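Q: Hi! Could you walk me through the ligand sites in this one?
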Amino acid sequence: MKEMLLSSTGQDAKTVAIKAAREAGAILRQHFYRKRKIETKGNRNLVTEADLLSEKCILNILQEEFPGHSILCEESGKHDTESQYRWIIDPLDGTTNYAFGIGHFCVSIALMEGNDILMGILYDPLKEELFEAQAGQGAYLNDSPISVASLRNLNTIVIGFDLGYSDTASKEILVRANALWNPNITFRLMGSGALGIGYVACGRTDLYFHRSLYPWDIAAAILLVREAGGEVTDWEDNPATIRSSEIIACGDFSAYKSLISALK
Ligand code: IPD
Ligand code: CA
Ligand code: CA
């Protein structure tokens, strides 16, 4: 990564991002085992005290290390500067899982230069799994290279999806899942879009889809899938950007062509 991406204390951006993800993850882990303070942002859309503490922790670290950079956070919104570098933060992806004591959630941190995603980190603090990718340098899980699944010689395809907070999009997703239904498919409702896409990157699932996502849900995970040899598209087959609310992530679009047509 470029020289100019050294922080005010001389650390590279990846080192800083991993430190922020691990510290925020430790906060999530501690609060997960206590009585959780939960509030409602909208229909089914929750926020916990831990979301806010995690975000504050990440924001403090990034603003200290990279004071010139812009930051977009799920909870506190835009912290804009003139910089072409922008961090995209989801301090807790999977808040509903978290709020109900279901141990599947993560921290997501991405760094962008203009419209290019330079780096993506997901950290699952309960499983202590750190997913990490830098553009052009591959994808890793706890320092081991990962790649998307090749067509399995099994009569089972694992497809992850999630519903989101829009009633219309959620009902539509269930219609699409129903359209795909066949004896070889096993569905998983993940409860964390970022991990849902990240699991395609490491070959745990074959495909993931969603129809109402936000930049902080997907910025890091899109890069992970691409660096692991797969692709993430929008519903019109264009490569997904962080502004694509509807996405399909897959290890091998040509192998799953008919399935993806059925999904649409
Ligand atoms: C949500 C999760 C969920 C997905 C929602 C997201 P949050 O993020 O990723 O799985 O279905 O669309 O907004 O609110 O837990 O950060
Ligand atoms: Ca999220
Ligand atoms: Ca969140």
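A: Happy to; we'll take the ligand shell and then the metals.

A: This is a predicted model, where local features need pLDDT of at least 70, side-chain atom pairs count only at pLDDT 80 or more, and totals for chains, interfaces and linings use all residues. Residues are numbered from 1 along each chain as its sequence is written, chains are lettered from A and ligands numbered from 1 in the order in which they are written, and side-chain values use heavy atoms, with hydrogens and water left out.

Q: What are the distances from the oxygen atoms of ligand 1 to the backbone N or O atoms of Gly94 and Gly164?
A: For Gly94 the distance is 2.7 Å, and for Gly164 it is 3.1 Å. The side chain of Glu74 also has an N or O atom 3.3 Å from a ligand 1 oxygen.

Q: Switching topic: which protein donors does the calcium ion (ligand 3) have?
A: Glu74 (OE), Asp90 (OD) and Leu92 (O), at 2.1 to 2.4 Å. Donors are N, O and S atoms within 2.8 Å of the metal, or 3.2 Å for Na, K and Ca; water is not among the atoms, so sites may look incomplete.

Q: And which residue coordinates both calcium ions, ligand 3 and ligand 2?
A: Asp90 does, and the two ions are 3.7 Å apart.

Definitions and conventions:
A polar contact is a pair of N or O atoms within 3.5 Å; within protein, one must be able to donate a hydrogen and the other to accept it, and residues adjacent in sequence count only if both atoms are side-chain atoms.
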